[in-house]
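Q: I am new to this structure. Can you show me how to read its features, one at a time?

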Amino acid sequence: MVRFGLTVVRHGETRYNKDKILQGQGVDEPLSATGFRQADAAGVFLSNVKFTHVFSSDLLRAKQTCAAILGKNKFCRDLEIKCDARLRERKYGVAEGRPLADLKAMAKDAGEQCPSFTPSGGETLDEVRERVRDFFEFLCQLAVGLEQKEPGASSRSSGTPKEQFVFPWTNHCSEGEPSSEGSGSCKLLDANILVVSHGAYMRNWIGYFVSDLNCTLPADFSKSQLSSVSPNTGISHFIVKLENGNLSKPEITCVCLNQDSHL
């Protein structure tokens with residue numbers, strides 16, 4: 001059994017976010033002062049979580065958020081951030097740099113609804129989901145490769161007491177999950193991965209997990225929560241299990257979705 005933790009964070013606020021202007025991929029806006037404060041707060045919130053791998057969208061607002069989070073981390077400040085274009089925001093074509101209201105007007109004129117509407121030059125939801133699927137399968141292959149190379153090595157080598165790795169919002173451990181015996185001990189994970197990305201992309205990712213991979217959700221989740229965009233620096237966490245390294249049938253459990261108690 002291969003297990004890994006996956007923490008997904010939306011970038012901090014930019015001036016365009018505040019003004020409700022679409023950035024997509026063509027507007028590479030930096031974080032605002034508020035955005036940097038949000039990123040620092042997320043970093044403090046996750047400061048006791050040891051990550052084994054860190055990935056970020058290659059757009060500036062995500063890279064700045066990711067760097068701020070690692071800068072507050074007690075264990076991972078020097079961990080390499082790997083930028084990946086597959087984590088970019090959805091491309092909005094001619095609507096980029098324009099108010100969100102313009103996109104809604106374009107959709108109405110076309111007889112369609114947001115967010116399923118695709119403006120000229122933009123990505124369809126299916127195209128975004130293909131990027132999501134490709135990146136997630138890459139993460140699964142990464143975790144399987146680590147386990148095959150040296151079972152448990154990535155999580156056992158640190159020698160750091162387990163209690164330092166407890167996630168801030170649950171009793172889950174960043175390097176494991178609660179044992180079935182209820183003793184509070186943790187089963188080790190093969191990897192613990194941090195990903196920093198974007199709102200529309202993350203909403204598509206959650207949709208892929210739920211509709212395509214039957215992700216298990218907490219009982220109190222509502223459909224409106226699943227369809228809503230994460231707040232800036234909203235944090236979602238999942239435990240992914242691959243039975244016998246089978247990449248085609250991951251078992252995914254959502255621990256929390258778009259939580260922002262750190263703000």
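Q: Which residue of β7 stands opposite Val2?
A: Leu242 in β7 stands opposite Val2. This is a predicted model, so every value here is computed. Val2 belongs to strand β1, residues 2-10. Strand β7 covers residues 235-242. The two strands pair in the antiparallel sense, over eight bridges.

Q: Which strand runs parallel to β1?
A: Strand β6, residues 191-197, runs parallel to β1. Seven bridges join them. Within that pairing, Leu6 stands opposite Ile193 in β6.

Q: How do I read the two faces of a strand?
A: In a regular strand, side chains alternate between the two faces of the sheet. Now take β1. One side holds Val2, Phe4, Leu6, Val8 and Arg10. The other holds Arg3, Gly5, Thr7 and Val9.

Q: What is a disulfide, and how many does a search of the whole structure find?
A: A disulfide is a covalent bond between the sulfur atoms of two cysteines. The search finds zero here. Take Cys215, which is in no disulfide. The nearest cysteine sulfur is that of Cys254, 5.3 Å away.

Q: How many aromatic pairs does the structure hold?
A: It holds ten. Look at Phe136 and Tyr208. Their ring centres are 6.4 Å apart and their planes stand at 75 degrees, so the pair is edge-to-face. This pair links distant parts of the chain, 72 residues apart. Phe136 is in helix α5, residues 125-149, and Tyr208 is in helix α7, residues 199-212.

Q: Are Phe136 and Tyr208 buried or exposed?
A: Phe136 is buried, with a relative accessible area of 1%. Tyr208 counts as buried at 5%. Tyr208 also forms a tilted pair with Phe209, 6.1 Å centre to centre and with 40 degrees between the planes. Phe209 is buried as well.

Q: Which residues do ring pairs link into a cluster?
A: The cluster contains Phe55, Phe135, Phe136, Phe138, Tyr201, Trp205, Tyr208, Phe209 and Phe238.

Q: Which residue lies over the face of Phe138?
A: Arg86 does, at 4.8 Å from the ring centre.

Definitions and conventions:
Residues are numbered from 1 along each chain as its sequence is written. This is a predicted model: local features need pLDDT of at least 70, side-chain atom pairs count only at pLDDT 80 or more; totals for chains, interfaces and linings use all residues. Side-chain values use heavy atoms; hydrogens and water are left out. A disulfide is a pair of cysteine sulfur atoms within 2.5 Å. Buried means under 20% relative accessible area, exposed over 50%, partly exposed in between (1.4 Å probe, protein chains only). Helices (H or I, at least four residues) and strands (E, at least two) are DSSP runs, numbered from the N terminus. Two strands pair if DSSP finds at least two bridges between them. Rings of Phe, Tyr and Trp (its six-membered ring) pair if their centres lie within 6.5 Å; planes under 30 degrees apart count as stacked, over 60 as edge-to-face and the rest as tilted. A charge sits over a ring if NZ of Lys or CZ of Arg is within 6 Å of the ring centre and within 35 degrees of the ring normal.
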